[in-house]
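Trainee: I would like to learn how to read a structure feature by feature. Where do we begin?

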Amino acid sequence: MGKRQQQRRLLRLAVAAAVFVAATLILTASAKKSADVTELQIGVKYKPESCTLQAHKGDKIKVHYRGSLTDGSVFDSSYDRGDPFEFTLGNGQVIKGWDQGLLGMCVGEKRKLKIPAKMGYGERGSPPKIPGGATLIFDTELIAVNGKASGGASNSEL
């Protein structure tokens, strides 16, 4: 085999190796991000037979939650603190994924929210626990609406 043929063969091998490395890097990056979502996903995990109280925009709601990243690491949990989080729904007091994902929820209902970064903490994240661009997963449970739990009892009566 002549010198020129050897050079061509080496060049083809180098190009093939570069293509292989690039393809491997792309597949690895996409596999890492495969659990990420681009739109809000709402999964109803439990819904009471009777829905007497529902969450609407402007309601003061009380929610238990567990927040995690797609790798399963938990970054916050009201369950662990034993203290549900209370806020006014739809007023921008929380991330957009919550303001939209909890609308229409019944007291006692449990939902899993998969929230894309654009409806969570965006590209900046919320250091140190939430990296930029992170998809957030929240297991939520609606405890009360406007101070009332299911059956019309107020929270102070519970």
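Mentor: We begin with burial: a residue counts as buried under 20% relative accessible area, as exposed over 50%, and as partly exposed in between. The model here is predicted. In its protein chain of 158 residues, buried residues make up 34%. The accessible surface comes to about 9900 Å², and carbon and sulfur atoms hold 54% of that surface.

Trainee: How many helices and strands does the secondary structure of the protein chain come to?

Mentor: There are 3 helices and 6 strands. Along the sequence they follow the pattern α-β-β-β-α-β-α-β-β. As for contacts in the chain with a separation of 6 or more, 65% are between residues 24 or more positions apart.

Trainee: Which residues of β6 are the bridge partners of Gly-67 and Lys-112?

Mentor: Gly-67 has Phe-138 as its bridge partner, and Lys-112 has Asp-139.

Trainee: Phe-138 has a ring. How should I describe a pair of rings?

Mentor: A pair of aromatic rings is described by two values, the distance of the centres and the angle of the planes. This structure holds 8 aromatic pairs. One of them is Trp-98 with Phe-138, an edge-to-face pair with 5.3 Å from centre to centre and 80° between the planes. The pair links distant parts of the chain, since Trp-98 is in helix α3 (residues 96-101) and Phe-138 in strand β6, 40 residues apart.

Trainee: Why do Trp-98 and Phe-138 count as buried?

Mentor: The cut-off for buried is under 20% relative accessible area. Trp-98 is buried because its relative accessible area is 4%, and Phe-138 is buried because its value is 4%. Both rings belong to one aromatic cluster, formed by Tyr-65, Phe-75, Phe-85, Phe-87, Trp-98 and Phe-138.

Trainee: Which residues of the largest nonpolar core touch the most other members?

Mentor: Among its 24 residues, these are Ile-61, Trp-98, Leu-102, Leu-136 and Phe-138. The elements giving two or more residues to this core are β2, β5 and β6.

Trainee: How many disulfides does the structure hold?

Mentor: The structure holds 1 disulfide. Cys-51 and Cys-106 form this link, with their sulfur atoms 1.9 Å apart. The angle about the S-S bond is -100°, and the link is left-handed.

Trainee: Which parts of the chain does the pair tie together?

Mentor: Cys-51 lies in the loop between β1 (41-46) and β2, and Cys-106 in the loop between α3 and β5, so the pair ties together parts 55 residues apart in sequence.

Trainee: Is Cys-51 buried, partly exposed or exposed, and is Cys-106 buried or exposed?

Mentor: Cys-51 is partly exposed because its relative accessible area is 35%. Cys-106 counts as buried because its relative accessibility is 1%.

Note on methods: Residues numbered from 1 in each chain as written. Predicted model: local features only at pLDDT ≥ 70, side-chain atom pairs only at ≥ 80, totals over all residues. Heavy atoms only, no water. Pairing = 2+ DSSP bridges. Helix = DSSP H or I, 4+ residues; strand = E, 2+ residues; numbered from the N terminus. Phe/Tyr/Trp six-rings, centres within 6.5 Å; stacked < 30°, edge-to-face > 60°. Buried < 20%, exposed > 50% of the residue type's maximum accessible area, 1.4 Å probe, protein only. Contact = heavy atoms within 4.5 Å. Areas by Shrake-Rupley, 256 points an atom, 1.4 Å probe, with all protein chains shown as cover. Core = buried A, V, L, I, M, F, W, Y, C linked by side-chain atoms within 4.5 Å. Disulfide = S-S within 2.5 Å.
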